[in-house]
Amino acid sequence: MRVVVVALGKIGLPLAAHIASAGHEVVGCDVDPRVVALVNEGTPPFPGEAGLEGALSELVPAGRLRASADTTAAVAEGADLVIAVPPLIVDDDARPDYRVLDAVVADIGAGLQPGTVVSIETTLPVGTTRDRVATQLAERSGLSPEEEFFTVHSPERVYSRRIFADLETYPKLVGGLSPEGERRAVELYRSFLSAEVWSMGSAEAAEMTKLAETTYRDLNIALANEFARFADRIGIDVEKVIEAANSQPFSHIHRPGIAVGGHCIPVYPRFYLEGDPAATLPAASRRVNDAMPSYAVELLASELGPAAPGARVLILGVSYRGAVKETAFSGAFAVRDELARRGMSPLALDPLYDAEELRSAGFEPWDGEPVEAAIIQADHPEFAELAPGALPGVRVIVDGRGILDPAPWRADGVTVRRIGRP
Ligand SMILES: NC(=O)c1ccc[n+]([C@@H]2O[C@H](COP(=O)([O-])OP(=O)(O)OC[C@H]3O[C@@H](n4cnc5c(N)ncnc54)[C@H](O)[C@@H]3O)[C@@H](O)[C@H]2O)c1
């Protein structure tokens, strides 16, 4: 089988390598010439993906995987399957901006040959595969949808850094616009995946599944956050309550925390609402989780009392989560803005970002001078190890992720607050 994978990012490139490893001939396409050149040298363009370096160094010299900057030409050479996984970028309110997806679809459409199955793996609002992608492919190619070519949606559910393992583990969900298109796509996916391939019955069902699993997580965290705020008010430990509740097998309550960030969990409930604007719970969970950075700053300000205005406060972690160098929708931005709004001076420290990178992300790097307070925003492992003396001058710490052992700090006279654990 000949496969074209469009967009060789953190998801597309490992996927292309996985398909080539199964014995198929794969061309990967990307607009970025640096990415194309590195892949053709057998070098991963980004670090951290387990097994990628080894796979490329074997597949590229063997001629089983090559990269190209010309999507239209690669598709026009004929392919059984074209998989596209470009990012669907969003604005500050997480509303989708379709320009990159449209550009990729236009390039594929311009080269599309009869008999090809086109699978979109990017997470999409429900209805996008049918109403946007298939329509544009038909317009560009002049071919009849679901007769001369087929469009399916198959959401990518892997976790970056362990993609090869996840591809072999999670069921692959495939939903088409016609029974014939879905049947063909399921057969093609089965030829390179040993995980189960599930026929979803429609592209909309496949689109909605990815939005359902991520919206569920956002809602679940929002519920944990509401429980935590109530626990703070009445003086009980929510961690103890959640652990005890989850000892009953029907309860799966997540953990409260200072922020829900990243490209996925804060974004996909909004994609869900694009299709179902009357839904109330996803909108409510977004409001609850978006309010958590301010809540954490409020805890900090209440501990500092009259000393809060003018206080130097260190934000520990600008990444959206620990050990990942990514600031998309990070809670650090809202923490910074709320500190400034209350007249405090926000500074930042993150083991994954140097001073220049912090500045260009919009943060004032910490100079090592004394601070009055600190707030743990990302659960970097380095922060769990912090011991008294590491933060000169500090009187109050808000541990937004519950990772710090408070005992040595408290013994040193520092107030440590954790969300939901008065
Ligand atoms: N990263 C994750 O953990 C993850 C997990 C599950 C699903 N996803 C899905 O995968 C999608 C892509 O994520 P990613 O992390 O791989 O993105 P990424 O930013 O790592 O890579 C995107 C790639 O697309 C390329 N590109 C942009 N415009 C293009 C065009 N017109 N033609 C060809 N290539 C183009 C870029 O040059 C880049 O190499 C996400 O939007 C999401 O829907 C991501």
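An oxygen atom of the ligand lies 2.9 Å from a polar backbone atom of T123, a polar contact here being a pair of N or O atoms within 3.5 Å, where a pair within protein must also join an atom able to donate a hydrogen to one able to accept it, and residues adjacent in sequence count only if both atoms are side-chain atoms. On its own the ligand has 840 Å² of accessible area, and the protein covers 81% of this area, as found by the Shrake-Rupley method with a 1.4 Å probe, with only the protein chains shown counting as cover for residues. The model is predicted, so that local features need pLDDT of at least 70 and side-chain atom pairs count only at pLDDT 80 or more, while totals for chains, interfaces and linings use all residues. Residues are numbered from 1 along each chain as its sequence is written, and side-chain values use heavy atoms, with hydrogens and water left out.

## Around the ligand

An N or O atom in the side chain of D30 is 2.6 Å from an oxygen atom of the ligand, and a nitrogen atom of the ligand has a backbone N or O atom of V31 at 3.4 Å. The shell around the ligand holds 22 residues, of which G9, K10, I11, D30 and T123 come nearest; a residue is counted as near if one of its heavy atoms lies within 4 Å of the molecule. Sorted by class, this shell has 13 nonpolar, four polar and five charged residues, where Ala, Val, Leu, Ile, Met, Phe, Trp, Tyr, Cys and Pro count as nonpolar, Asp, Glu, Lys and Arg as charged, and the others, Gly among them, as polar.

## A pocket and a cavity

Rolling a probe the size of a water molecule over the atoms shows where empty space is left. On a 1 Å grid over the protein atoms alone, a cavity is a set of points where a 1.4 Å probe fits but cannot get out, whereas a pocket is an open set with protein on both sides within 12 Å along at least five of seven lines, and lining residues have an atom within 4 Å of a point. Grid points are joined across faces, edges and corners, and a volume is the space filled by probe spheres set on the points.

The second largest pocket has a volume of about 420 Å³. Of the 16 residues that line this pocket, D92, R286, D290, F329 and S330 are the closest to its centre. Helix 12 (281–290) and helix 14 (331–341) are the elements that give two or more residues to this lining, helices being DSSP runs of H or I with at least four residues, strands runs of E with at least two, and both numbered from the N terminus.

The count of cavities of 30 Å³ or more comes to one. The largest cavity holds about 60 Å³ of space, and its lining is made up of P155, E156, R157, V158, D166, L167, Y170, P171, K172 and L193.

## Backbone and individual residues

Most residues other than glycine have a negative phi, and most peptide bonds are trans. R161, although not a glycine, has a positive phi of about 90 degrees, and its place is in the loop between strand 8 (150–153) and helix 7 (163–167). R161 counts as partly exposed because its relative accessibility is 48%, given that buried means under 20% relative accessible area, exposed over 50%, and partly exposed in between, with a 1.4 Å probe and protein chains only. A323 is likewise not a glycine and has a positive phi of about 65 degrees; this residue sits in the loop between strand 11 (312–316) and helix 14, and at 42% relative accessibility A323 counts as partly exposed.

T116 is placed in the loop between helix 5 (99–111) and strand 7 (117–120), where the side chain of T116 reaches the backbone oxygen of Q113 at 2.9 Å. With a relative accessible area of 1%, T116 is buried. V27, in strand 2 (residues 25–29), is also buried, with a relative accessible area of 1%, and its C-alpha atom is 5.6 Å from that of A67, although V27 and A67 are 40 residues apart in sequence.
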